[in-house]
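Please read the numbered points with the model open beside them.

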Amino acid sequence: MTDSEKKRKLIFDRYAENLLFLKKEKIIDIELKYASTYICPICLDHFPVTALDQSIENPLTLEDAPPKSLGGKANILTCKKCNNTCGHEIDKHLTERMQELDFHKFLPNIEFSAKFEINGNAIQGKISIDENGTLTAYHMDKNNHPVKLQDYIKTAKKDTLINLQIDKKQVNPLNLQIALLKTGYLLTFEKYGYSLILDKSYERIRQQLRNPLEIIYPLDFWFKAPLPKKVYGVPFIIEKGLEAICPIFPLKTNASERVFGTIIPLTTKPIEEVISRLKEKFKVQKRFPVRFDPMNGDVDYLTDLEAIIKMKTWINNLK
Ligand SMILES: [Zn+2]
């Protein structure tokens, strides 16, 4: 068995057991298709353990939340179909946006394409910023007309003013937000297993992830949060009237680490209302205005019946 095969099997077993456990304890009421079933958190299709075989048409694949390119780890499984519709293509926009932000701050360890122009003669090149913050511009033969490049090199003297134009990346703001929503939703699934996400109220998030070209979920659900490391994870906001799940995670590039928070609704609360109330509070108080449930890193919400019942009771009493 390779490391990925082992990892997929471990994840499959843990979540398949969670399903059986929740069914046995009557926390969820569901017919499972197989003796050992994994439900893809995005399409809710049922998969048997044989779906770990990567040569079948729609196998279960490792999914990284946050994206691997931003420091995330493969921690759950989604089916290949879902991994394709809202996988790399969507995550790419988030990664590129983070790199773009690094560049605007001139953070070290990054490289960007740009146009350099002197007196109307423009050539293509690259800028890199090293560990010490030293900025180097260079031009490749293969991307430029040889005569134009020679002209440019001749005219570019020590104090020549060079007009610099940074190439805009093709970042789609909708895809960028869907990548944040996907990370928040999948982290919720990773932490709380099937006890929350099977509720039909989460169908709206799943629809949004499966249809990345439409706007289905309210797009102001996320915020950049200067929050301390101790709240990273998937806490609940317990402030009265603002109750919600709040996955908080860092996105890391070579040069930076930014912390994002996302608002995932509870089954009993309309999400628009929670988001607009949170934004109102932000306006009044500049610092993050809400209280979280005490972080209890030791609780395993996939197997600890007492913790699951306590959480479900709290949510149901909000009705
Ligand atoms: Zn799926």
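## Notes on the model

At 3% relative accessibility, Cys-82 counts as buried, where buried means under 20% relative accessible area, exposed over 50%, and partly exposed in between, with a 1.4 Å probe and protein chains only.

1. **Basis of the values.** The model is a predicted one, in which local features need pLDDT of at least 70 and side-chain atom pairs count only at pLDDT 80 or more, while totals for chains, interfaces and linings use all residues. Residues are numbered from 1 along each chain as its sequence is written, and side-chain values use heavy atoms, with hydrogens and water left out.

2. **Overall layout.** The protein chain has nine helices and 13 strands; helices (H or I, at least four residues) and strands (E, at least two) are DSSP runs, numbered from the N terminus. Its C-alpha trace spans about 80 × 55 × 35 Å along the principal axes, and 48% of the 319 residues count as buried. Of the contacts with a separation of 6 or more, 60% are accounted for by residues 24 or more positions apart, a contact being heavy atoms within 4.5 Å.

3. **Domains.** The chain is divided into domain 1 (3-92 + 172-316) and domain 2 (104-166), with bounds that come from an automatic or database domain assignment. The C-alpha centres of domain 1 and domain 2 lie 43 Å apart.

4. **The zinc site.** Cys-40, Cys-43, Cys-79 and Cys-82 each coordinate the zinc ion through SG, at 2.3 Å; donors are N, O and S atoms within 2.8 Å of the metal (3.2 Å for Na, K and Ca), and water is not among the atoms, so sites may look incomplete. Along the chain the donors follow the spacing C-x2-C-x35-C-x2-C. Because Cys-40 lies in the loop between strand 1 (38-39) and strand 2 (46-47) and Cys-82 in helix 2 (residues 80-85), this pair ties together parts that are 42 residues apart in sequence. Cys-40 is buried, with a relative accessible area of 0%.

5. **Geometry at the zinc.** Why is the arrangement of the four donor atoms tetrahedral? The angles that they subtend around the zinc ion are 103 to 118°, and four donors count as tetrahedral if all angles lie between 85 and 135 degrees. For four tetrahedral donors the ideal angle at a metal is 109.5 degrees.

6. **Helix 5.** The 20 residues of helix 5 (residues 173-192) should span 28 Å at 1.5 Å a residue, and the end C-alpha atoms are 29 Å apart, which agrees; the expected span is 1.5 Å times one less than the number of residues. Since 17 of the 20 residues are buried, helix 5 is largely enclosed by the rest of the structure. Thr-188 is found in this helix and is buried, at 1% relative accessible area. Leaving aside residues up to four places away in sequence, Thr-188 touches Gly-193, Leu-196, Val-234, Ile-245, Pro-247 and Ile-264.

7. **Backbone points to check.** Most residues other than glycine have a negative phi, and most peptide bonds are trans. The peptide bond from Ala-65 to Pro-66 is cis, with omega near -10°, and Pro-66 lies in the loop between strand 3 (60-65) and strand 4 (73-79). Lys-26 has a positive phi, near 55°, and is exposed at 73% relative accessibility.

Conventions:
Four donors count as tetrahedral if all angles lie between 85 and 135 degrees; four count as square planar and six as octahedral if opposite donors are over 155 degrees apart and all others between 65 and 115; anything else is irregular.
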